[in-house]
Amino acid sequence: MEVVTSLPADTPLSQVAARIRRIEALGFDTVHVSETIHDPFAVCALAVEHSTRLTIRTSMVVAFPRSPMVTALAAWDLAGFSGGRFQLGVASQVRGNIVGRFSTPWTDPVAQLGDYVTALRAIFAAFQHGTPLDHHGSHYEFTRLQPFFNPGPLDVPVPPIYMGAVNRRMCELAGALADGFVAHPTGSHPLSLENHVLPTLGTGGERAGRADGGPRIIVVPKVITGRDESALTALRHERRSELAFLYSTPAYRGTLDRLGLGDIADQLSAGAAAKEWGALPGLLTDDMVATLVPQGTYGELPAVLDSWYGDRCHGIALDVPAEPDEDGEFGEMLAGIREISARGI
């Protein structure tokens, strides 16, 4: 099982090197780099420079404000610089951010993201093989790449493309096109995987005629873990607030509905609409939190995650421990999680 973590989004560029070295020393296989308050490609370049074996994956680059050519060039540089350790995750984001924060048109995001990924692959092929660039899609057209602007072939694999999604159409698109899929935290529960994510990815793959088993699947379940029960109690309080905020978004309520907690979803959404943010965490009891996310001490967690996920995914994301003096125990736990049999293996 691939073990993954995310570089905290607010990491200053001056601290990327130290945090990446710690993540690698802990034994993680992959680090996710988000796009929130820093340029993700700049952060990835620092992460590559200060690691030797970690896979560096964007999760996720916001696609539409960037031309696929701009994204392709950045990914190509990072793939070569890393010796093949870079993976490109792209996503659509939501309309409010695309229009209001990036001042970019929003049309049909599913069709546009599908064309975006297809265009990326056409550009990668032109870079790698020197073939003419001739892509004509629903949203993008690329017909010109003079030798002066072609970076030339890599001596490592072309960057794999990961996608993330919540709704059915986007999941089907990922099933058709993506090399890998990063599940949203609210879509990482086993019930949502079994009843929504895996079937829709499979539908997309079947329609596209895929014969490779579909994308690799990484879950992000907001695990609660620590050295002892007191640590679990402290983290449970923090997770409760985070989960309440996430599930207050109507588009993310699917897991609550599947667990018979639709009334809680209604109350969370109503509280968010009324901007009663402080009241949201109190709507989730300890039992609800235990139902929503896996939890256990460092010694218990590998078995817990095996029972939750078994062969349902290829990788699991966890947070780095807050206290460095726990790194040894945490690293032993990661070794145990890595032994869980991954999906399809």
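Predicted model: local features only at pLDDT ≥ 70, side-chain atom pairs only at ≥ 80, totals over all residues.
Which residues line the largest cavity?

## The largest cavity

The lining of the largest cavity is formed by L7, P8, A9, T11, V33, S34, T36, I37, H38, P40 and V43. Seven of these lining residues are nonpolar and four are polar, while no charged residue takes part. The space inside amounts to about 80 Å³.

The count of cavities of 30 Å³ or more comes to two. In general, rolling a probe the size of a water molecule over the atoms shows where empty space is left.

## The second largest cavity

The second largest cavity holds about 60 Å³ of space. Its lining consists of P185, T186, S188, H189, P221, K222, L243, L246, Y247, L292, V293 and Y309. Helix α8, which spans residues 229-247, supplies the largest share of this lining, with three residues.

## Helix α6

Helix α6 covers residues 168-177, and its buried residues are M170, C171, E172, L173, A174 and G175. These buried residues pack against two helices, α5 (109-129) and α7 (190-207), and also against the strands β8 (161-163) and β9 (180-182).

A contact is also found at the start of α6, where a side-chain oxygen of N167 comes to within 3.4 Å of the backbone nitrogen of R169.

Methods: Residues numbered from 1 in each chain as written. Heavy atoms only, no water. Buried < 20%, exposed > 50% of the residue type's maximum accessible area, 1.4 Å probe, protein only. Helix = DSSP H or I, 4+ residues; strand = E, 2+ residues; numbered from the N terminus. Contact = heavy atoms within 4.5 Å. Polar contact = N/O pair within 3.5 Å; in protein donor to acceptor, adjacent residues only side chain to side chain. 1 Å grid on protein atoms, 1.4 Å probe; cavity = no way out; pocket = protein on both sides within 12 Å on 5 of 7 lines; lining within 4 Å. Points joined across faces, edges and corners; volume = space filled by probe spheres on them. Nonpolar A, V, L, I, M, F, W, Y, C, P; charged D, E, K, R; others polar.
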